[in-house]
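Student: I would like to go through this model by question and answer. Please keep to what can be computed from the atoms.

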Amino acid sequence: TRQKAFQPYADAVIALTHALAKRLPNKDISHAPQPPYLCQPGSSSECPKDSLYAAILKGAGDQISWLNMQYYSNPPVTSIDTDEVASYLSIVKGWDGFPGIDSARLVVGKPYSSHVNGYEPMTEVSAKILAPLVEKFGQNFGGFMAWEYIQDASGAHAQAIYTVSYTHLR
């Protein structure tokens, strides 16, 4: 099965995560999986029958502070806003064999550069991805990460993120 094929990789990531947690007590550890490796089986043609990252979370999830989901560079999984919101909701809810993850530990990652697959103008990201998730989860929404902040020299993207978060959390 596919699980057997990726299990050595999962075991290595699990062992590394536990080793880091032991050597760096009281430090945050984050992982940045791509959606095809943490999605509900059968939810899209790109979702594997067995989820690699579900196996990693099962083995080391208590050691991982956040999952920074890379909603970029994964066409077509990251090409439509509703797919990203549905993916986020699915990961929080979980599925058979995966109990889900607390929304406070799940971060949406998008690129700032139009040269990266999955790029969307910040107005769209704010309105179609962040606003619905912040509205649903409020203070328990895990947050937003961008790849990479140096591409936001003017601070316009950061201001848009602040605005949508502030508006929905007041």
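Student: Is Lys 110 buried or exposed?

Tutor: This is a predicted model with residues numbered from 1 along each chain as its sequence is written, and local features need pLDDT of at least 70, side-chain atom pairs count only at pLDDT 80 or more, while totals for chains, interfaces and linings use all residues. Side-chain values use heavy atoms, with hydrogens and water left out. Buried means under 20% relative accessible area, exposed over 50%, and partly exposed in between, with a 1.4 Å probe and protein chains only. Lys 110 has 1% relative accessibility, so Lys 110 counts as buried.

Student: Which residues are linked with Lys 110 in a network of salt bridges?

Tutor: A salt bridge is a side-chain nitrogen of Lys or Arg within 4 Å of a carboxyl oxygen of Asp or Glu. The structure holds 2 salt bridges. Lys 110 meets Glu 84 at 3.0 Å, N to O, and the closest N and O atoms of Lys 110 and Glu 120 are 2.7 Å apart. The residues linked with Lys 110 in this network are Glu 84 and Glu 120.

Student: How many residues apart in sequence are the parts that Glu 84 and Lys 110 tie together?

Tutor: Helices (H or I, at least four residues) and strands (E, at least two) are DSSP runs, numbered from the N terminus. The Glu 84 and Lys 110 side chains meet in a salt bridge. Glu 84 lies in helix H3 and Lys 110 in strand E3, so the parts tied together are separated in sequence by 26 residues.

Student: Where does Glu 120 lie?

Tutor: Glu 120 is buried, with a relative accessible area of 9%. Glu 120 forms a salt bridge with Lys 110. That pair ties together parts 10 residues apart in sequence, because Lys 110 is in strand E3 and Glu 120 lies in the loop between E3 and H4.

Student: What is the order of the strands in the open sheet?

Tutor: Two strands pair if DSSP finds at least two bridges between them. Strand E3 (residues 106–111) and E4 pair in the parallel sense over 4 bridges, with Val 108 opposite Phe 144 in E4. The sheet has 4 strands with parallel pairing, in the order E1-E2-E3-E4.

Student: Which helix lies across E3 and E4?

Tutor: Read along the sequence, the protein follows the pattern α-β-α-β-α-β-α-β-α, with 5 helices and 4 strands. Axes are lines fitted to C-alpha atoms, for helices over the stretch in contact (heavy atoms within 4.5 Å). Angles run from 0 to 180 degrees between N-to-C directions. The helix across E3 and E4 covers residues 122–137, runs at about 170° to E3, and is H4.

Student: Which residues have the most contacts inside the largest nonpolar core?

Tutor: A nonpolar core is a set of buried Ala, Val, Leu, Ile, Met, Phe, Trp, Tyr and Cys residues joined through side-chain atoms within 4.5 Å. The largest has 39 residues, and its largest share, 8 residues, comes from H4. Not counting residues up to four places away in sequence, Tyr 88 touches residues including Val 108, Leu 133 and Phe 137. Those with the most contacts inside this core are Leu 38, Tyr 88 and Phe 144.
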